Amino acid sequence: MLRIRVLHGPNLNLLGTREQSIYGTLSLDALDSAITKLAEELAVKVDLRQSNSEGDLVTWIQEARTRYDGIIINPAAYTHSSIAIRDAIAAAGLPTIEVHLSNIHQREEFRHRSYIAGVALGQISGFGPTGYLLALRGLHDHLSASQGQKKTTPSATSRRAEKGTR
Ligand code: DQA
């Protein structure tokens with residue numbers, strides 16, 4: 001079974017009440033439920049987390065290296081500032097999809113630059129909550145195809161087995 005870690009960055013705990021004209025009215029709980037439902041349909045195990053702290057996000061990305069097959073992350077404002085999150089994603093070496101609810105390229109200039117995009121498999125921006133579902137389908141298809149092709153590439157499950165961890 002594929003395992004995907006889904007990370008929400010700072011202020012996303014306020015979804016549903018925060019700047020509704022930009023981010024909509026869906027709460028983070030409701031968004032997580034929609035992701036979990038699709039994950040069940042795709043037979044993917046998802047682990048969903050939110051933090052306002054850069055360090056938490058870095059730690060969770062590092063942990064994912066041996067425990068997960070891929071990452072979906074909305075780094076929120078850290079997208080535009082965090083070399084630490086970029087480096088963690090590069091170090092983890094897992095296929096990672098960057099998601100933004102809003103279209104960051106249509107907004108203020110300081111949101112146009114992403115430190116994450118250069119180390120991500122892809123970026124989905126501007127589709128609201130649906131962007132996470134697109135990311136989940138996309139990552140599922142990418143991982144299924146690459147695991148089917150490269151039987152020699154160890155999955156998170158076999159990497160865990162090799163290291164004697166679970
Ligand atoms: C965001 C866009 C970021 O620029 C912003 O700082 C956020 C949310 C989005 O999902 O559209 O907090 O990542």
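Here's a short tour of the salt bridges in this predicted model.

**Where to begin**

In total there are 8 salt bridges to find. We'll visit a few of them.

**Stop one: E63 and R5**

Select E63 and R5 and show their side chains. The two form a salt bridge, with 2.9 Å between the closest N and O atoms. Now colour by secondary structure: E63 sits in helix 3 (residues 54-67), while R5 belongs to strand 1 (residues 2-8), so this pair ties together parts that are 58 residues apart in sequence.

Is R5 buried or exposed? R5 is buried, at 1% relative accessibility.

**Stop three: E108 and its partners**

Clear the selection and pick E108, R107 and R111. Which side chain meets E108 at 2.7 Å, N to O? That's R111, in a salt bridge. E108 also forms a salt bridge with R107, where the closest N and O atoms are 3.8 Å apart.

Bring the surface back for this trio. E108 is partly exposed, with a relative accessible area of 35%. R107 is buried at 18%, and R111 counts as buried too, at 16% relative accessibility.

Definitions and conventions:
Residues are numbered from 1 along each chain as its sequence is written. This is a predicted model: local features need pLDDT of at least 70, side-chain atom pairs count only at pLDDT 80 or more; totals for chains, interfaces and linings use all residues. Side-chain values use heavy atoms; hydrogens and water are left out. A salt bridge is a side-chain nitrogen of Lys or Arg within 4 Å of a carboxyl oxygen of Asp or Glu. Helices (H or I, at least four residues) and strands (E, at least two) are DSSP runs, numbered from the N terminus. Buried means under 20% relative accessible area, exposed over 50%, partly exposed in between (1.4 Å probe, protein chains only).
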